[in-house]
Amino acid sequence: MEPVAHLVKVSVPNYLSNLPIPDTIGGWFRLGVKDWLALIPPSAALAGLGYMSYKAFCPKARAASSGKINHKIQKNVSKVVNSVDIEDITEKAAFCRCWRSENWPYCDGSHGRHNTECNDNVGPLLINKKN
């Protein structure tokens, strides 16, 4: 914790106190090139913080969802229907429910990346054959 405390209590205040911020409006016009260059990092940090806050808290900043689930599986047909014969299942089968599998209709684990990206919790449908 000491490095964090030192950063917050000593380093950042020293850095901010040494920035060439003028006291008057006219002082901005008398700043030199070195002074303007010194103001770029904190200005970029404030702009980035403002942009991230805007994206996080403003609903209009977020991209609208298209509502589509299936983005690539058999797009040339009006309704995707697959059937699997129960006798073909040897021990168990995992079927995809996220529409991201490259091995459709079987699950290949693509839901893991989908869940991370979309903050979702989808998983496969597991079918076990009883003996």
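**Note on the predicted model**

1. Setting aside neighbours within four places in sequence, Cys96 makes contact (heavy atoms within 4.5 Å) with Ser101, Trp104, Pro105, Tyr106 and Cys107. This is a predicted model, in which local features need pLDDT of at least 70, side-chain atom pairs count only at pLDDT 80 or more, and totals for chains, interfaces and linings use all residues. Residues are numbered from 1 along each chain as its sequence is written, and side-chain values use heavy atoms, leaving out hydrogens and water.

2. Cys96 also belongs to the largest nonpolar core, along with Ile73, Cys98, Trp104 and Val122. Such a core is a set of buried Ala, Val, Leu, Ile, Met, Phe, Trp, Tyr and Cys residues joined through side-chain atoms within 4.5 Å; buried means under 20% relative accessible area, exposed over 50%, and partly exposed in between (1.4 Å probe, protein chains only).

3. From Trp104 to Pro105 the peptide bond is cis, with omega near 5°. Pro105 sits in the loop between strand E1 (92-95) and helix H4 (110-118). Helices (H or I, at least four residues) and strands (E, at least two) are DSSP runs, numbered from the N terminus.

4. Trp99, in the loop between E1 and H4, has a positive phi of about 65° although it is not a glycine. Gln74 is not a glycine either, and its phi is positive at about 45°. Gln74 lies in the loop between helix H3 (33-57) and E1, and is partly exposed at 35% relative accessible area. Most residues other than glycine have a negative phi, and most peptide bonds are trans.

5. Val4 is located in helix H1 (residues 2-17). Val4 counts as partly exposed, at 45% relative accessibility.
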